[in-house]
Amino acid sequence: MATTLTRTIGTPSSQRIGTLSFWLKRCQVNRGVSSGSTRIIQYQGSPTYFSIYMDDRSANANWSRLRIHMADNQSPQYVVGTEMRFRDCNAWYHIVVRIDTTQATAANRIRVYVNGGGGNSGGNYAQLGGLSDEGQQPAQDYDIPGWASGQTTTIGGGSSMYLSQMIFADGQSYAPSTFGSFDSNGEWVPNNSPSVTYGNNGYKLDFTESGAAANSSGFGADTSGNDNHFASSNLGDNPNVTDAPENNFSTLNYLQPYVTTNGLEGTLTKGNLYSTGTASGKTSGVGNMGLRSGKWYWEAKLTADNNYSTIGVHSHINKMVNNQPNGNGVLGYSSQGWAYWTYSTGYKMNNDTSSTWGVDATTGDILSVALDLDNLKIYIAKNGTWMESGDPTSGSTGTGSMYTLTAVDSTFDKAYFPVVGDSSSSQTATWEVNFGNPTFAIASSNSDANGYGKFEYAVPSGYYAICSKNVGVYGG
C-alpha cells in the first residue's frame, strides 16, 4: 500500500483563496494496462469533496492530465483539467495550484503552473476548463467546501509516486516564483526557504523524518512553524528516500516494456525500485539513466530468488526488447547483455552462452554492481564481498571482473543500462534495486565520494551513485 498522510483541519484563514505547491515524480501512467487515478491530495468530509489527482482511467480521454474536482458529492460540481499530459515517470514536475474564487474573470479562479511556467504552449499557466467530463471553473466567491473546518486532508494513498516540498498557503495566492527558481544550469529547483504567509491551516512538508505520529519527528512534520503536522501510515522501511528535484536518482523505467517470452510484463512498485517478474515468462526491469562513460555503483536485494535471477547491464535497449535470440527480451540473451545468474553455484551469461562464475546468491542477499565504463569492466559482489576476488579499482587490468564489455558508440540509445530480472519462464524472481535511494532497510549508510546516495556497503573508490548530478559530470 502507498504511504498516506492525514490531518483534520481547523478554522481556515480563507475558503476562497489558497495556493498549493508540490514537486511530483510519477511512477505509473496508463499504458493500456492500468486504470483509476493517482490521488495527490484530497479534502473530504460528508457530503463535501475536493480532490487533486492525475487521471489514469484507461477509458477516459483525459488520462495523465491533472484534474481538480470539487464538490463531487453535492451540487454544483466543478471540474477542471490541464491540457498538458504528465507522462514522464523519470523526471520531477513542480506543480502550483493557485486558487482564488474572488476573481471576476472565471479563468483566473483556478490556475495551474508547471515547472515555473505554463502547462500549455500559449499561456502563462495550464489552460483549464472544458477539457474534462464536467469541465467548469468555480462560481465567483465560491466557498471551497474541502477547506472548511473539520474536513480531513489526505495526501497520497493512491498509486506509487514521489513527493517533495509540499506547501499550502491558506488565504494567499502565490506565483510559482515564490516556490522555485532557476539554478546556474538553467534547471527549475525548489526555493528551500520560500517567503510565504501560511495562514491558519498552511503547512510546509519536507518529508525528511520517518516517524508515523503527527509531530515534528514524523514523516508528515510541518516545518512552516504552524505545527500542522500530519499522521502517516504505510511508511515502509525508508520513506524519506534521497531522490529529490535537486538531484534526480535513477529508478527502473516504467515506460520501458520489460518484455517476456510471451508478451507479458513484470510489475514495478515501491517507487519503481521493486521489480517482480511473471511466472509465465522471462522478464527484466531496466534502469532509466543510460551511461556512456565513468564508473558507477548500485545495489539490489534479492527479495525472492528462483535460481534464475539475473543482474547486470545491457546496451542497445531497443535490441534487448526486439532482437533477442529465442525471443527472450531479457538480460544475458544477446551480445549486448552481460548478466550474473544465481543458477546452481553461480553463473555468468552473455549472448545466450553461460558458464560457471562467482558464487551462488539467494533470497535475502544484497548484490553489488561496479560498472567501469572507462575500462569496460563489470564486477559483482555478494553481501559486500567481490566475487572471483574482484578489484573494481584495478583499472584496465580488470582483476576479477565478470566480463569485458563491448564498446558502443555515442548515438541515441547506445548506452549501458542497469538491468535486473529472471531467466525462468515458469518461476518469479523479485529484486529491490538501490541506486542510492533505498526502499529496503539497510544497516549502514555509505555514500559516494560526492556525498550522494545511501548504500549498505562501501562504494569503491572512484565510483558514483547513478543520479543526475553525477551523470551530468561523469556519464558522457
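**Close-up views of a predicted model**

View 1. For the chain, the mean pLDDT is 85, and 83% of residues reach 70 or more. In this predicted model, local features need pLDDT of at least 70 and side-chain atom pairs count only at pLDDT 80 or more, while totals for chains, interfaces and linings use all residues. Residues are numbered from 1 along each chain as its sequence is written, and side-chain values use heavy atoms, with hydrogens and water left out.

**View 2. The largest nonpolar core.** A nonpolar core is a set of buried Ala, Val, Leu, Ile, Met, Phe, Trp, Tyr and Cys residues joined through side-chain atoms within 4.5 Å; buried means under 20% relative accessible area, exposed over 50%, partly exposed in between (1.4 Å probe, protein chains only). This core has 42 residues, among which Trp 298 and Leu 371 touch the most other members. Strand 18 (295–304) gives the largest share, 4 residues. Strands here are DSSP runs (E, at least two residues), numbered from the N terminus. A second, separate core holds 38 residues, including Phe 50 and Ile 99.

**View 3. The surroundings of Pro 12.** Pro 12 sits in the loop between strand 1 (4–8) and strand 2 (17–26). Its relative accessible area is 17%, so Pro 12 is buried. Asn 200 is 188 residues away in sequence, yet the C-alpha atoms of Pro 12 and Asn 200 are 5.6 Å apart. Beyond four places in sequence, the contacts of Pro 12 also include Trp 147 and Asp 170.

**View 4. The surroundings of Thr 342.** Thr 342 belongs to the loop between strand 20 and strand 21 (347–350). Thr 342 is buried, at 0% relative accessibility. Its side chain makes a polar contact of 2.9 Å with that of Asp 305; such a contact is a pair of N or O atoms within 3.5 Å, and within protein one must be able to donate a hydrogen and the other to accept it, with residues adjacent in sequence counting only if both atoms are side-chain atoms.

**View 5. An open antiparallel sheet.** 5 strands are arranged in the order 8-7-2-10-13, where two strands pair if DSSP finds at least two bridges between them. Strand 7 (residues 93–100) and strand 8 are joined by 5 bridges. Ile 99 has Ile 110 in strand 8 as its bridge partner.

Note on methods: pLDDT = per-residue confidence, 0-100. Contact = heavy atoms within 4.5 Å.
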